Structures are given as structure tokens and as C-alpha cells.
Amino acid sequence: MKRAAAVLLALLAAPVAASAQQAPPPPAVETAPLPPVALPPELDRVLRDYERAWRARDAGALAALFTEDGMVLQSGRPPVKGRDAVRRAYTGAGGDLSLRALAYATDGAVGYIIGGFARAEGEPDGGKFVLTLRREDGAWKIASDMDNPNQMPRRAPAPAAPPATP
């Protein structure tokens with residue numbers, strides 16, 4: 001249990017440490033997509049239930065996939081914590097979604113799934129995610145969901161300088 005917790009902390013701390021340095025983003029590098037991995041059925045259920053609820057735009061069903069103290073860490077938004085906050089965060093969200101796993105591990109009652117997401121199966125990933133999981137009452141629940149797009153958001157152009165006065 002302690003080893004899994006240390007792995008999860010290291011995994012989650014790396015992006016925080018990297019973003020704290022405020023270095024400019026590296027240039028885009030074209031790489032081949034990572035191959036998917038097959039998940040055990042009990043973990044695959046988490047992804048398929050998430051897809052179904054997202055497609056149905058069912059914020060209540062999405063929130064039910066989370067632990068009571070689960071967190072959503074969306075790109076460009078503050079974190080939210082707790083099923084009610086998760087439901088509110090997902091209200092009005094949804095649409096086409098295909099999730100694929102790139103890596104996973106479990107140790108006792110904790111685990112994670114790292115993956116990619118697209119609008120439809122077979123399309124290139126539009127982004128990636130990390131789900132940290134905790135087993136509750138025999139079922140895997142999402143303790144945290146962090147995702148972000150594969151492309152940097154476009155910044156609005158800087159406003160034009162006012163004309164010089166003579």
C-alpha cells in the first residue's frame with residue numbers, strides 16, 4: 001500500500017514540479033502514438049462506464065463513478081472535490097468520447113489508469129488523462145481525474161499598439 005501511494009504521489013508531483021519552473025513549452029514533436037494496453041475487466045468497466053455517461057451527458061452518472069471525496073482536475077479550471085462538485089463540474093458537458101488505456105497498475109485498494117481520449121474509436125488522441133483509483137465496497141472508483149489536450153490552447157493575439165501621436 002505504501003509503495004503504491006509513493007508511486008501515485010511521484011506520478012502526480014512531476015507535472016506540478018515541471019509547471020512551477022514556468023519554462024516555455026518545448027516545440028511540438030511528432031511521435032507515433034503509444035499502443036493501447038488491455039485492462040482487466042474491472043478496470044475496463046471504469047472507462048466504459050465513463051464513456052457511456054459522457055456520451056449521455058449524464059453528470060449524475062459521471063459523479064457516481066467517483067469516490068465520495070473524488071476530484072476533477074480539468075485543464076484551465078480550478079480543481080473540484082466531492083461528488084456534488086464533480087456533478088456540477090460535469091453538468092452540461094459530454095458528447096462523443098473514446099477512451100483507451102496506455103498503462104495501468106493496482107496495488108491493494110489503489111491504482112491508476114493512464115490513457116488517451118478521442119471523439120471516436122480509431123481517431124488520433126486529442127488528449128490524455130490520468131485516473132487515480134480506489135477500491136470501495138469491492139468496486140473501483142475514481143479518486144481523481146486529470147486530463148489535458150495534446151495541443152496547447154491558442155492564445156488570443158496581442159492587441160495592436162495605439163498609433164503614435166505626432
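Here is a chat about the sheet, the core and the rings of a predicted model.

Visitor: What kind of model is this, and how are residues numbered?
Guide: This is a predicted model, where local features need pLDDT of at least 70, side-chain atom pairs count only at pLDDT 80 or more, and totals for chains, interfaces and linings use all residues. Residues are numbered from 1 along each chain as its sequence is written, and side-chain values use heavy atoms, with hydrogens and water left out.

Visitor: What sits between strand 3 and strand 4?
Guide: The two strands form a hairpin with 2 residues between them. Glycine 108, in the turn, has a positive phi of about 65°.

Visitor: Is strand 4 mostly covered or mostly open?
Guide: Mostly covered: 7 of its 9 residues are buried. Buried means under 20% relative accessible area, exposed means over 50%, and partly exposed is in between (1.4 Å probe, protein chains only).

Visitor: Which residues touch the most others in the largest nonpolar core?
Guide: That core has 25 residues, and Leu47, Tyr50, Tyr90, Ile113, Leu133 and Ile142 touch the most other members. Helix 2 gives the most to this core, with 6 residues. A nonpolar core is a set of buried Ala, Val, Leu, Ile, Met, Phe, Trp, Tyr and Cys residues joined through side-chain atoms within 4.5 Å.

Visitor: Let's zoom in on tyrosine 50. Buried or exposed?
Guide: Tyrosine 50 counts as buried because its relative accessibility is 7%. Leaving aside neighbours within four places in sequence, tyrosine 50 is in contact (heavy atoms within 4.5 Å) with Leu62, Leu65, Tyr90, Leu97, Leu99, Ile142 and Asp145.

Visitor: How many aromatic pairs does the structure hold?
Guide: It holds 4. Rings of Phe, Tyr and Trp (its six-membered ring) pair if their centres lie within 6.5 Å; planes under 30 degrees apart count as stacked, over 60 as edge-to-face and the rest as tilted.

Visitor: Why is the pair of tyrosine 50 and tryptophan 54 called stacked?
Guide: The ring centres of tyrosine 50 and tryptophan 54 are 6.4 Å apart and the planes are at 15°, so the pair is stacked. Both residues lie in helix 2, 4 residues apart, about one turn of the helix. Tryptophan 54 has 18% relative accessibility, so this residue counts as buried.

Visitor: And how is the pair of tyrosine 50 and tyrosine 90 arranged?
Guide: That pair is edge-to-face, 6.4 Å centre to centre with 85° between the planes. It links distant parts of the chain, with tyrosine 50 in helix 2 and tyrosine 90 in helix 4, 40 residues apart. Tyrosine 90 is buried, with a relative accessible area of 1%. Ring pairs link Tyr50, Trp54, Phe66 and Tyr90 into a cluster.

Visitor: New topic: where does serine 144 lie?
Guide: Serine 144 is in strand 6 (residues 139-149). At 9% relative accessibility, serine 144 counts as buried.

Visitor: What does the side chain of serine 144 make a polar contact with?
Guide: The side chain of threonine 132, at 2.3 Å. A polar contact is a pair of N or O atoms within 3.5 Å; within protein, one must be able to donate a hydrogen and the other to accept it, and residues adjacent in sequence count only if both atoms are side-chain atoms.

Note on methods. Pairing = 2+ DSSP bridges.
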